[in-house]
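Student: I am new to this structure. May we work through its side-chain contacts by question and answer?

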Amino acid sequence: MSELLELATRIAGWARDGEQVEVYAASGRETEVVVYDGDVESLSSAASAGVGIRVIRDQRQGFAYAGSLDEDVVGETLAEARDNAAFGTPDEHLALATPDGVSAAELDLWRDDLAAFPTDRKVELAMELERRVKAGDGRIKSIHSSEYGDGMVDVAIASSGGISAAYRRSSCYLSVYALAGDDTETQTGGGYSVGRGPTDLVVDEAAVDAIERATRMLGARKPASARVPVVFDTRVTASLLSILAGTLSGEAVLKGRSLFANRMGESVAAPMLVLTDDPTDPRAYGAAMYDAEGLACRRNRLISGGVLERFLYDTYSGRRAGVSSTASAVRAGFKSGPMVGARALALEPGERSQDEIVASIDDGLLVQSISGVHSGVNPVSGDFSVGAEGLLIRGGALGEPVREITIASTLQRMLLDVFAVGNDIDWLPGSAAGVTLAVGDMSMSGA
């Protein structure tokens, strides 16, 4: 048992009669390096450790946290959580998670070499990335930013109800934003590489991605309005799935804030679509052995064959809905309590590449990026209207770049009108994976 879990278990054991106590302890460190024009613009490295404690008594909940693992401080934090519980609003559904018999998957989410990776090598990687992008194409005029970042965290969760969970994970990334230009305009494009440890990072992968995305938008114009098939690039699909994740939360359903409320068992998407949240997939950036309440993470199939099969729940929302938790509790760290959330949302990949999907379309639009997602997508009504840029599709090939366009539909219509899913699943930082997605007949508003 790790020292962190020993501490959490010991404190949880101090629960009094009639009281439930949960201790979430975490320690970690992170580094971020930003370089600009060959110099280090900023470098930060920070370590943090602390506990978040929940106490439930008489159907009231109290929470307190402290940025320390000192046992005396943790004991004071428990006392504060008890005091806070006295002021809580009574709620019959409040309860901590209890073991449900599901075993945690053994996941390889940690790299010792990241812990030993020297800071000067992190700086060198960010600078090397900047140099590769500058030298990669004569149309690259400057680099907006070139970054290296990493994080390592140990987590332990213990409760008076028998929860005992501990895991660790690491991650790192390289990212760059390039500015391409000619005599009349400037366009931007970003690239990245992510992994569990430094040997997973590929500088050329990030550089080539940024160069291509920036340069291929040069000469973009505002196209004529039309209704066309739309192909979403992998990063765009990841953004859309992140929005969709909120509508598949059991909490959103209970609050009447989901377009899927009262539609369980109905066809809500094209028959080819299978959507899962699977934190046990180690390729996922959000992969974890346990959720934020200490239950073993598991694969939750949400949509299969286009039919809505499941919502995501933590313990509280599950009790309110009269169902079991799907082990989908997440939290931002020891300073916050749990809430429902997806960790690794992904569409089951299809068999065709993005090029093959584009080749099947006479006239359409490949969307490279979208803007205004959070204000342009209503998760309750499903109304969808966002700014976009990308490339027109002419006779089965990518054509001229376009910008300043708006694409509009509803999430419901888009899900039903999907006619192709790419084989190019792309695991990105965040709660959702990207994959090429083709949707028929969307409104494209331009000139």
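## Salt bridges, rings and a helix face

Student: Which residues are linked in a network of salt bridges?
Tutor: A salt bridge is a side-chain nitrogen of Lys or Arg within 4 Å of a carboxyl oxygen of Asp or Glu. By that criterion, a network links Glu22, Arg54, Glu293 and Arg331.

Student: On what basis are such features reported?
Tutor: The model is predicted, so local features need pLDDT of at least 70 and side-chain atom pairs count only at pLDDT 80 or more, whereas totals for chains, interfaces and linings use all residues. Residues are numbered from 1 along each chain as its sequence is written, and side-chain values use heavy atoms, with hydrogens and water left out.

Student: How many residues apart in sequence are the parts tied together by Arg54 and Glu293?
Tutor: The side chains of these two residues, Arg54 and Glu293, meet in a salt bridge at 3.3 Å, N to O. Arg54 lies in strand β2, and Glu293 in the loop between β8 (275-277) and β9 (300-304); helices (H or I, at least four residues) and strands (E, at least two) are DSSP runs, numbered from the N terminus. The pair therefore ties together parts whose separation in sequence is 239 residues.

Student: Is Glu293 buried or exposed?
Tutor: Buried means under 20% relative accessible area, exposed over 50%, and partly exposed in between, with a 1.4 Å probe and protein chains only. The relative accessibility of Glu293 is 2%, so Glu293 counts as buried.

Student: What is the relative accessible area of Arg82, which forms a salt bridge with Glu19?
Tutor: In this salt bridge, the closest N and O atoms of Arg82 and Glu19 are 2.9 Å apart. Arg82 lies in helix α2 and Glu19 in strand β1, so the pair ties together parts 63 residues apart in sequence. Glu19 counts as buried at 10% relative accessibility. Arg82 is also buried, with a relative accessible area of 16%.

Student: With which residue does Arg213 form a salt bridge?
Tutor: The closest N and O atoms of this salt bridge of Arg213 are 2.6 Å apart, and the partner is Asp233. Arg213 lies in helix α5 (residues 203-215) and the partner in the loop between β7 (226-232) and α6 (234-247), so the pair ties together parts 20 residues apart in sequence.

Student: How many aromatic pairs does the structure hold?
Tutor: Rings of Phe, Tyr and Trp (its six-membered ring) pair if their centres lie within 6.5 Å; planes under 30 degrees apart count as stacked, over 60 as edge-to-face and the rest as tilted. The number of aromatic pairs in the structure is 3.

Student: What is the angle between the planes of Phe117 and Tyr148?
Tutor: The ring centres of Phe117 and Tyr148 are 6.3 Å apart. The pair is tilted because the planes stand at 45°.

Student: Within what arc do the buried residues of α1 fall?
Tutor: In helix α1 (residues 3-12), the buried residues are Leu4, Leu5, Leu7, Ala8, Ile11 and Ala12. Seen down the axis, they line one face of the helix, because they fall within an arc of 160°. The arc is that of the directions from the helix axis to the C-beta atoms, and its value here is 160°.
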